[in-house]
Amino acid sequence: MAPLIEVKNLKKYFDVPGGMNHAVDDISFVINQGETLGVVGESGCGKSTLGRTIIRLQEATDGQVLLNGEDITHVKGRKLHKAREQMQIVFQDPYSSLNPRMSVEATITEPLKRSGRFHSKAELNDEVDRLMKLVGIDDRLRHSYPHELDGGRRQRVGIARALALNPSFIMCDEPVSALDVSIQAQVLNLLMDLQEELKVAYMFVTHDLSVVKHISDDILVMYLGQAVEKGPTKELFRNMLHPYTKVLFSAIPSTDLDHPMHRLQLKGEITSAIDPEPGCRFRARCPYATEKCGQPQQLEEIKPNHFVSCCRVREINDL
């Protein structure tokens, strides 16, 4: 079976004072129907830009994005409209992503009207009812406005809007980071239940590594616009191979006071993403860096479905 989303050597550069910012630089991966790819990394590493470029909110500098085997990187007009119906987004801030002048009903109805799939007000009302029940919004809130809702209900409205056109892929841009912890769990469980019922695929961008472990089938680790490690979630948590991944995962909070985690600390300056030199962008902070780390790095399959971009990965991990 062909993958739902296939990203090939995708690049997104921004022209900024001083040169070109390599926000996303030569990233490739696939997402199958009904699966979740978690994307993690420090702030500014390009996670959100990657997702927005895939769903065509931003235009790619180079590379390809394939949806069900069809290249949609540069399509326009009706083809782009059709592709966007299949790819939706849930934003990070559930308040600023909603129009404050539109009620819950109006927010969910808008994409339904624009689609042209419904030809009567009764059909629209029935579909709004179905979507509200699907995401757990009470009917009494139908005419409420965003300022009258709490964060969890606002995000449910955003999820309902994203589901309105029955997409096959949703880019989740840190959808629970602005919510209280108890509400986070409810929204995460909702997303997982929806995935099981609708077979929708997610790209889940987050800083919370506990969340990504809970929801993802595979994890992609990014550093300054590049993919440094990718693999199945259980394999990655059990056997981290890239030095940056080890540092990143060592920052996960632990409540086990009897067996505290060993925290890895980094030294050195962060490499600029503006016209970066060839080679590993982590080498200025990596304790294992040598001269050969200045050569271009490529993701290499070290173990089955476990890819690492590090020329010294075998030496470091005694493989």
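Where does Leu224 lie? Leu224 is found in the loop between E9 and strand E10 (226-232), where helices (H or I, at least four residues) and strands (E, at least two) are DSSP runs numbered from the N terminus. The structure is a predicted model, in which local features need pLDDT of at least 70 and side-chain atom pairs count only at pLDDT 80 or more, while totals for chains, interfaces and linings use all residues. Residues are numbered from 1 along each chain as its sequence is written, and side-chain values use heavy atoms, with hydrogens and water left out.

Asp26 is another residue other than glycine with a positive phi, near 65°. Asp26 belongs to strand E2 (residues 19-31) and counts as partly exposed, at 31% relative accessibility. A further case comes just after H6, where Lys199 takes a positive phi of about 60°.

Helix H6 itself (residues 181-198) has 18 residues and reaches 26 Å from its first C-alpha to its last, close to the 26 Å expected at 1.5 Å a residue. The expected span of a helix is 1.5 Å times one less than its number of residues. Gln184, Val187, Leu188, Leu190, Leu191, Leu194 and Gln195 are buried in H6. These residues cover an arc of only 155° around the axis, which puts them on the same side of H6; the arc is that of the directions from the helix axis to the C-beta atoms. On the other side of H6, Glu196 and Glu197 are exposed. The packing partners of the buried H6 residues are strand E3 (36-40), helix H4 (121-135), helix H5 (151-163), strand E8 (201-205) and helix H7 (209-215), with contact meaning heavy atoms within 4.5 Å. Val181, also in helix H6, is exposed, with a relative accessible area of 68%. From Val181 to Gln88 the C-alpha to C-alpha separation is 25 Å, and the two are 93 residues apart in sequence.

Helix H5 comes next. Its 13 residues should span 18 Å at 1.5 Å a residue, and its end C-alpha atoms are 18 Å apart, which agrees. Ten of the 13 residues of H5 are buried, so this helix is largely enclosed by the rest of the structure. The buried residues of H5 are Gly152, Arg154, Gln155, Arg156, Val157, Gly158, Ile159, Ala160, Ala162 and Leu163. They pack against strand E6 (87-90), helix H3 (104-115), H4, strand E7 (169-173) and H6.

Turning to the aromatic residues, a search of the whole structure finds four aromatic pairs. Rings of Phe, Tyr and Trp (its six-membered ring) pair if their centres lie within 6.5 Å; planes under 30 degrees apart count as stacked, over 60 as edge-to-face and the rest as tilted. One of the pairs, Tyr223 with Phe282, is edge-to-face, at 5.2 Å centre to centre and 80° between the planes. This pair links distant parts of the chain, 59 residues apart: Tyr223 is in strand E9 (residues 218-223), and Phe282 is in the loop between helix H9 (243-249) and strand E11 (300-303). Both Tyr223 and Phe282 are buried. Together with Tyr244, Tyr223 and Phe282 form one aromatic cluster. Elsewhere, Lys12 lies over the face of Phe14, at 5.0 Å from the ring centre; a charge sits over a ring if NZ of Lys or CZ of Arg is within 6 Å of the ring centre and within 35 degrees of the ring normal.

How many disulfides does the structure hold? With a disulfide taken as a pair of cysteine sulfur atoms within 2.5 Å, the count comes to zero. Cys280 is in no disulfide, and the nearest cysteine sulfur, that of Cys293, is 6.1 Å away. Cys280 is buried, with a relative accessible area of 13%. The sulfur of Cys311 is 4.0 Å from the closest cysteine sulfur, in Cys293, too far for a bond. Cys311 counts as partly exposed, at 33% relative accessibility.

Technical notes:
Buried means under 20% relative accessible area, exposed over 50%, partly exposed in between (1.4 Å probe, protein chains only).
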